[in-house]
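Hi,

Here is the structure we talked about. Have a look at it, then read my notes below.

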Amino acid sequence: MRIHFVVSALALASLLAACSSPAPQWDATDHVASYTDLATRTYEESVEKAERFATAIDAFLASPDDTTLALARDSWIEARLPYGRSEVFRFYGGPIDGIDPATGEEGPEIQLNSWPLNEAFLDYVVGNPEAGIVNDLDFVLDRDTLVQNNAVHDEADVTTGWHAIEFLLWGQDLDPVGAGNRPASDYEPGDPIRDRRRQVLTLLTEQLVEDLRWVRDRWQASYGDELTALPQDEALSKIFSGVATLAGFEMAGERLGAALDSGEQEDEHSCFSDTTHLDFRANLEGLIQVFSGRYESVDGTVTTEGHGLRELIASVDPDQAAVLENLLAESWQTLERLDPPFDAVLRSPPGSTHRITTEELIVHLQQFAEGMVTAGESLGIEVVIAAE
Amino acid sequence: MRPFLISFLCLTTTVWLACRPDPGGDPLSGGEPLSGGELTVFDTASTAFGRSAPTLPVAELRQVNLGNKLFNTNWVIAPSSTTKFDGLGPLFNRVSCSGCHLRDGRGRAPSGPDEAPESMLIRLSVPGEDQHGGPEPHPMYGGQLQDRAIPGVRAEARIEIHWIEQPGTYPDGTQYSLREPDIRLIDLAHGPLGDDTMMSMRVAPAVFGGGLLEAIPESELARVADPDDLDGDGISGRLNRVWDLERGAMSTGRFGWKAGVPTLRQQNASAFAGDIGIISTLVPVTDITSHQESLLEDVMSGGDPELDNHFLDRLTFYTQTLAVPARRDVDDPRARRGETLFADIGCASCHLPAVITGNDHPIPQLRNQTIHPYTDLLLHDMGEALADQRPEFVATGNEWRTPPLWGLGLIPVVNGHSELLHDGRARSIEEAVLWHGGEAEASKDRFTELDASDRDALLTFLASL
């Protein structure tokens, strides 16, 4: 029993410590306000670009040829950028991935961005020309059915979102150098299967736009206010945790580290379009924007200067703020040195420049994430790197 | 059953209440939200079972990520372009871990004969014991039935589950209905199983929290065990002793519905071999018997081993460090009432509310954690109605390991169903309670004798876990 008693005493001490929260030496009113403004703007931009993408899909389906397909693919890539930036607003139960306490509804993150996906669950693949729900005439095509069938028996049985659409636009990436190259003729009307494919693409695009609007509306209508109304340490705990988790877990661990460690070429986030490097870039831009408080739209036409986390951290620990800023800058420079496509990195042998550079990027991001936890300690807030 | 950490519980409860706005009077009320100690996560969404220990250093998250990837990887037929992930089958149940343990959660039984099993399997054995005292595999079909196979190979059988309803009535007149599976095997590849074959239908359990269960000191389990019911409370509680492949010796069983496996590493390697047909250094053979070796003639191996050792390490690390979702509604008066009743009617005798992990688990984050798994990891006679009549080492045909109850209320959110028990027969927490028999018969009876409001309170408490 002795050991239990010792542990109890420790638990007692920690619980008592948790009870008393000394008055903070800082005021984060402006920083939380800037953050909510940044999040709202980013989702507004994400919706805007997704709507433009939907228009491009309409144009493509109205007359499917190489030109309209190329335009549709380009607008998918463009729409991914603000979305990639918005991923810094994940990981703490906010609108994108939390449960709305008012309605019990879960945010659409899984619906929007699931990967990897079982290609053959969705459409034909090499060796199986009749695979997937596109070819399965018994599968009812409407948005509800597609949403309800997302990841039901297998997390990779993805039927909705960015990467399902990506597969529908690019097809399998069987090219060691380039991206997938599904022919525009796959969408020629007048054949039952091709008509189904047209329908799936339309429905998934509609769903994507609707899901993004839902998140934007939550931020516009109430979530910003909810965050502002929280005790500041709680709001900051969410904000910091989102930043640290995107850098340390999602980017360094999942998208870079595990991809390198598994040793498979197509183990990358946007594998069909070979645009994974742009995902990294957008994720990093999201981190930089929240850290600096400076918003700049993807096309560079709108900029606002706000109060970033850097300023807040610097108010209690200027050295740590500088360290973190430097790590973000180094991450950016390292990413710039990484020649796309990312599957070439995955294919490269151990010891190659590609891999060494990627490992450097991983270390910078991990150090940044840990640095955010340290900065949180200086501010007296809990920062969780949420591994999900 | 012996008193369990009472002094400790009182102390922490008091301290915890000291922080709370409304302390309440009963020491058992108010409960404890930190179900997994420092490995508790606050997530009530469909990701609730898939989160890793928040205490892991950031560098180790990379291992978690690879482990998670391996958990979700769909294994393919060898040879393939993805050489690290091939060697599926030739006989298998599912092609990935997450195929059965979707989002690190719980599987379910088919709802009827037309639905193929997606997250359950059927274990087989014949009378006798293997060389280590474990179940003797069926001479033709092996230790479990694989209902899928790669192209060109015949699956062992098609599994059809028919449900038989059994109506029942509470003492207060309220009616209920329980269902029992009738397992039918169609298209048996190698002829009938034989009359002496024992079958046990097993649904995939949730994966999270396993590392913490692994870290409970063996001495603690032994202390709680009461194999001969010396305290005369009608509840025994026995440790399973099972074959440990790594140690090459008998060890305490902790995992599986009858605690037939000692460690998560062995559990993972065994599942790879039996369920996916992927061999590792630890479990170098699949479930193919000597009579089925002709199946292998035209089948390519995915390597020897097919699962790299460091992949098994990463996967095991991942399963060991999966965190536990926090308890919800701790302050809800109804849940608090239910928690009191849970102790009063004897549920807590086996579903132990608290335990402290040891200080020697290889993963430091798992050490010295006060956790609330609601299990003693011991074997209990659960009565004839639940019995599978298939012994597994020490466990008799009537005995089952107390399953942990943490996360119970989140299964619908994560896995879209509320089915419980080893074969998924219970469609709700209430039905699971009503199936309790044997050593749990008295507690079950006390439950049925509660008035409707108290029964509801107890179920509310369980759903808050």
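In chain A, the axes of helix α12 (residues 309-316) and helix α13 (residues 318-337) come within 6 Å and cross at roughly 145 degrees. Axes here are lines fitted to C-alpha atoms, for helices over the stretch in contact, with angles running from 0 to 180 degrees between N-to-C directions. Helices (H or I, at least four residues) and strands (E, at least two) are DSSP runs, numbered from the N terminus.

This is a predicted model: local features need pLDDT of at least 70, side-chain atom pairs count only at pLDDT 80 or more, and totals for chains, interfaces and linings use all residues. Residues are numbered from 1 along each chain as its sequence is written, while chains are lettered from A and ligands numbered from 1 in the order in which they are written.

Who meets whom? On the α12(A) side you'll find Arg310(A), Ile313(A) and Ala314(A), in contact (C-beta atoms, placed from the backbone, within 7 Å) with residues of α13(A), including Pro318(A) and Leu324(A).

Now for α10(A), residues 232-262: this helix has a kink of about 45 degrees, centred on Gly253(A). The bend at a residue is the angle between axes fitted to the seven residues ending there and the seven starting there.

As for chain B, it has 12 helices and 16 strands. Its C-alpha trace spans about 70 × 55 × 40 Å along its principal axes. Of the contacts in chain B with a separation of 6 or more, 67% are between residues 24 or more positions apart.

Cheers

Methods. Two residues are in contact if their C-beta atoms, placed from the backbone, lie within 7 Å.
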